[in-house]
Amino acid sequence: QVLESELSSFEKTLLMLAGEDADPEMVAMLTGPTARIASELTLVREGSERIRALVNDMRNFSRLDEAAWKEVDLLEGLRATISLVHSQFPGIDIELAASTPLVRFCNPAELNQIYLNFIRNGYQAIMERRRVEPKAPGRVSIEAGLEGDEVCLRFHDTGCGIAEKDRDHIFEAFYTTRPPGSGTGLGLYSSFRIAEQHGGRIDFSSVPGEGSCFTLVLPLESEENHQTLFTAPVLPKTSSNREDSDANV
């Protein structure tokens, strides 16, 4: 902003020295370089704005400047996570359908890690399906809202799905269906443990060749303060609820 202001003042000084009756070619010669610099400064400003937005998303994702457990809007962290990872997963659409607020006493950085794990797994499943079906849809759809006395955050993907033989093991530590060197097998395990620490659970359903749905389910009431902390529209029941899940998590 300082450079833009100084450049504008400098250009005005040049034009004043040239005089009001200056030849148009002379005016163009004087203002041409300043116009090019002004254009470059616009790029600097736009880049700075992107950096500021990225840093803010990173802060919201990690919550490094806040207490580990506090009352926050879950959708704030979810949106920050989507913003941070969207460019890392090219070729897919990440859609969020939710209403605010979804406020709860929690460890936001840990819940953000669950969101990241679900989105990353969805992306990897989509890429795996596209090895066989190059034109397969690439989409991770996220829904958030209330179902009875629980809040549900669903992550639907259009990936390859989960094979029957893997379903009883996906939450085990170090179990992975990825090729050697491309996965640690700790993503869903750590997500399951974080959900448990928040008094919740993870449900899932999957259709091989069509996709999967992972659902983070959290209770409405927090044991820490014994009061209802969520406010959101009620979502319709779907087959990904715990009682209809394809596996016992």
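Strand E7, which spans residues 211-219, is mostly covered in this predicted model, since eight of its nine residues are buried. This strand belongs to an open sheet of five strands, arranged in the order E2-E4-E5-E7-E6 with mixed pairing, and E7 is joined to E5 by eight bridges and to E6 by seven bridges.

**Strand E7 and its partners**

- Strand E5, made of residues 150-157, runs antiparallel to E7, and eight bridges hold the pairing together in the model; within this pairing, His156 stands opposite Cys213 of E7.
- On E6, which covers residues 201-207, the direction is again antiparallel to E7, with seven bridges between the two strands; here Arg201 has Val217 of E7 as its bridge partner.
- E6 and E7 form a hairpin with three residues between the strands, and in this hairpin Gly209 takes a positive phi near 85°.

- The five strands of the open sheet follow the order E2-E4-E5-E7-E6, and the pairing is mixed; its edge strands are E2, residues 93-97, and E6, each of which pairs on one side only.
- From one strand to the next, the twist of this sheet averages 15°.
- Strand E4, residues 139-147, pairs with E5 in the antiparallel sense over eight bridges, and one example of facing residues is Glu143, whose bridge partner in E5 is Arg154.
- Helix H3 packs on the sheet, where it touches E2, E4, E5 and E7, and the direction of H3 makes about 170° with that of E2.

**Helix H3 against helix H4**

- H3, which runs over residues 74-85, packs with H4 at an angle of about 45°, and the axes of the two helices are 9 Å apart; because of that angle, H3 counts as oblique to H4.
- The crossing of H3 and H4 is right-handed, and the contact is made on the H3 side by Leu74, Gly77, Leu78, Thr81, Ile82 and Val85, and on the H4 side by Leu111, Asn112, Tyr115, Leu116 and Ile119.

**Helix H4 against helix H5**

- H4 also packs with H5, which covers residues 187-197, at an angle of about 145° and with the axes 9 Å apart, and H4 passes H5 in a left-handed crossing.
- In this packing, Glu110, Leu111, Gln113, Ile114, Asn117, Phe118 and Asn121 of H4 meet Gly187, Leu188, Ser190, Ser191, Ile194, Ala195 and Gln197 of H5.
- The residues of the contact of H4 with H5 divide into six nonpolar, seven polar and one charged.

- Tyr123 lies in helix H4, the helix of residues 108-132, and it counts as buried because its relative accessibility is 16%, where the cut-off for buried is under 20%.
- Leaving aside residues up to four places away in sequence, Tyr123 touches Phe89, Pro90 and Ile92; the C-alpha atoms of Tyr123 and Ile92 are separated by 7.4 Å, although these residues are 31 residues apart along the chain.
- Gln88 is found in the loop between H3 and E2, and it counts as exposed because its relative accessibility is 52%, where exposed means over 50%.
- The C-alpha atoms of Gln88 and Tyr123 are separated by 9.8 Å, while the two residues are 35 residues apart along the chain.

**The whole chain**

- The protein chain contains five helices and seven strands, and from the N terminus on its elements run α-α-β-α-β-β-α-β-β-α-β-β.
- Of the 249 residues in the protein chain, 40% are buried.
- Among contacts in the protein chain with a separation of 6 or more, 70% are between residues 24 or more positions apart.

Technical notes
Residues are numbered from 1 along each chain as its sequence is written. This is a predicted model: local features need pLDDT of at least 70, side-chain atom pairs count only at pLDDT 80 or more; totals for chains, interfaces and linings use all residues. Side-chain values use heavy atoms; hydrogens and water are left out. Buried means under 20% relative accessible area, exposed over 50%, partly exposed in between (1.4 Å probe, protein chains only). Helices (H or I, at least four residues) and strands (E, at least two) are DSSP runs, numbered from the N terminus. Two strands pair if DSSP finds at least two bridges between them. Contact means heavy atoms within 4.5 Å. Axes are lines fitted to C-alpha atoms, for helices over the stretch in contact, and angles run from 0 to 180 degrees between N-to-C directions. Angles under 35 degrees count as roughly parallel, over 145 as roughly antiparallel, 65 to 115 as roughly perpendicular and the rest as oblique. A crossing is left-handed if the near helix is turned anticlockwise from the far one by less than a right angle, and right-handed if clockwise. Ala, Val, Leu, Ile, Met, Phe, Trp, Tyr, Cys and Pro count as nonpolar, Asp, Glu, Lys and Arg as charged, and the others, Gly among them, as polar.
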